[in-house]
Amino acid sequence: LGVSNFGERQMGELLALGGSPVEVNQIEYHPWVPSLHLDTAQWCHERGIVVTAYGSMGSSRLASQMMMQDSLKQIGEMHGKTPGQVLLRWAIQKNVSVIPGTGNPKHMAENLGIFDFKLGNQEISLLDAIP
């Protein structure tokens with residue numbers, strides 16, 4: 001069973017029903033999401049529930065602002081990657097599956113170019129601390 005946008009309370013209520021096990025919860029997930037989303041991801045991981053991110057590069061409202069963050073651009077430059085690739089890699093290293101959507105072949109190739117580098121602990125911490 002897969003769900004979307006379920007928080008800890010809803011997940012707990014659903015699991016208490018004793019039906020089919022919840023296998024995946026899809027939530028918005030990037031460094032700027034409210035802490036509730038980060039807490040929900042942690043809760044799911046502790047129970048073996050896969051977390052899939054939508055909006056990994058920001059919601060349509062925030063994406064352009066997010067991509068202009070100096071720290072994000074600097075991390076990307078150190079790895080020869082775009083800010084979007086850094087955000088996707090951050091989520092992957094947080095054990096969150098990403099499903100970036102695009103119809104642009106250039107962006108598709110770019111989205112796949114996140115498996116040939118890793119973010120260091122300091123870079124992860126820097127992204128985690130973004131307000």
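Biologist: How do the axes of helix 5 and helix 7 cross?
Modeller: The axes of helix 5 (residues 83–93) and helix 7 (residues 121–128) come within 11 Å and cross at roughly 100 degrees. That makes helix 5 roughly perpendicular to helix 7, a label for angles of 65 to 115 degrees. Axes are lines fitted to C-alpha atoms, for helices over the stretch in contact, with angles from 0 to 180 degrees between N-to-C directions. Helices are DSSP runs of H or I with at least four residues, strands are E runs of at least two, and both are numbered from the N terminus.

Biologist: Which residues make the contact?
Modeller: Helix 5 brings Val-86, Trp-90 and Gln-93, and helix 7 brings Ile-124, Leu-127 and Asp-128. Contact here means heavy atoms within 4.5 Å.

Biologist: Before I go on, where does the model come from?
Modeller: It's a predicted model: local features need pLDDT of at least 70, side-chain atom pairs count only at pLDDT 80 or more, and totals for chains, interfaces and linings use all residues. Residues are numbered from 1 along each chain as its sequence is written, and side-chain values use heavy atoms, with hydrogens and water left out.

Biologist: How many bridges join strand 2 to strand 3?
Modeller: Five, between residues 24–28 and residues 50–54; Asn-25 has Val-51 as its bridge partner. Strand 3 is also joined to strand 4 (residues 96–98), by three bridges, with Ala-53 partnered by Val-98.

Biologist: Last topic: how many aromatic pairs are there?
Modeller: One. The ring centres of Tyr-29 and Trp-90 are 5.1 Å apart and the planes are at 20 degrees, so the pair is stacked. Rings of Phe, Tyr and Trp (its six-membered ring) pair if their centres lie within 6.5 Å, and planes under 30 degrees apart count as stacked.

Biologist: Where do the two residues sit?
Modeller: Tyr-29 is in the loop between strand 2 and helix 2, while Trp-90 is in helix 5, 61 residues apart.

Key:
Pairing = 2+ DSSP bridges. Parallel < 35°, antiparallel > 145°, perpendicular 65-115°, else oblique. Phe/Tyr/Trp six-rings, centres within 6.5 Å; stacked < 30°, edge-to-face > 60°.
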